[in-house]
Amino acid sequence: MGRRRHCWVCGAVLPKGSTRRRLYCGPACRAQAYRDRRTTERIGALGRLLLKAEALDDRRLLRRLLCPVCGRMTYAAGSRRRDAVYCSALCRDRAYRRRHRAYRYVKASESSAVPPRTTA
């Protein structure tokens, strides 16, 4: 009796007649493993970029790699959009609220600074 082997992604038992080279139970698990590998490679590349930017003191590259709200790495192009600016939806919402809070404050102060018209 042979040893039972399991899928590397989901852990399901592989079919009995499968070859030794088979790692995944089906195409969905194979695709998921591919996406996971790509994400890991991208995040590793971003980590190397961050170390290089810190070593060279490249402020411009650091601004692109770090979240402007909390300072964490954005992981843009990891499992996210390539043009991601914020590390999470929470930071994106915080930045939005800050911008609009400042806008409302300026708009309110402009309207109160204008003296009321008097009819003479």
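Here's a walk through the structure above, from the whole chain down to a few residues. Keep in mind that this is a predicted model.

Let's start with the big picture. The protein chain has 3 helices and 0 strands, so if you read along the sequence you get the pattern α-α-α. Of the 120 residues in the chain, buried ones make up 21%. The accessible surface comes to about 10,300 Å², and carbon and sulfur atoms account for 55% of that. What about contacts? Take those between residues at least 6 apart in sequence: 17% of them join residues at least 24 apart.

Now for the start of the chain. Lys16 sits in the segment before H1. Its relative accessibility is 87%, so Lys16 counts as exposed, because anything over 50% does. Lys16 and Arg3 are 13 residues apart along the chain, and their C-alpha atoms are separated by 9.4 Å.

Moving on, look at the loop between helix H1 (27-56) and helix H2 (59-65), where you'll find Asp57.

Finally, head to helix H3, residues 89-113, which holds Arg97. Arg97 has 46% relative accessibility, so it counts as partly exposed. Arg97 also belongs to a positive surface patch, together with Arg72, Arg94, Arg98, Arg101 and Arg104.

Technical notes: Residues are numbered from 1 along each chain as its sequence is written. This is a predicted model: local features need pLDDT of at least 70, side-chain atom pairs count only at pLDDT 80 or more; totals for chains, interfaces and linings use all residues. Side-chain values use heavy atoms; hydrogens and water are left out. Patches are made of residues with over 30% relative accessible area and no salt bridge: like charges are joined within 9 Å, nonpolar side chains (Val, Leu, Ile, Met, Phe, Trp, Tyr) within 5 Å. Accessible areas come from the Shrake-Rupley method with a 1.4 Å probe; for residues, only the protein chains shown count as cover. A salt bridge is a side-chain nitrogen of Lys or Arg within 4 Å of a carboxyl oxygen of Asp or Glu. Lys and Arg count as positive and Asp and Glu as negative; His and the chain ends are not counted. The place of a charge is taken as NZ of Lys, CZ of Arg, CG of Asp or CD of Glu. Helices (H or I, at least four residues) and strands (E, at least two) are DSSP runs, numbered from the N terminus. Buried means under 20% relative accessible area, exposed over 50%, partly exposed in between (1.4 Å probe, protein chains only). Contact means heavy atoms within 4.5 Å.
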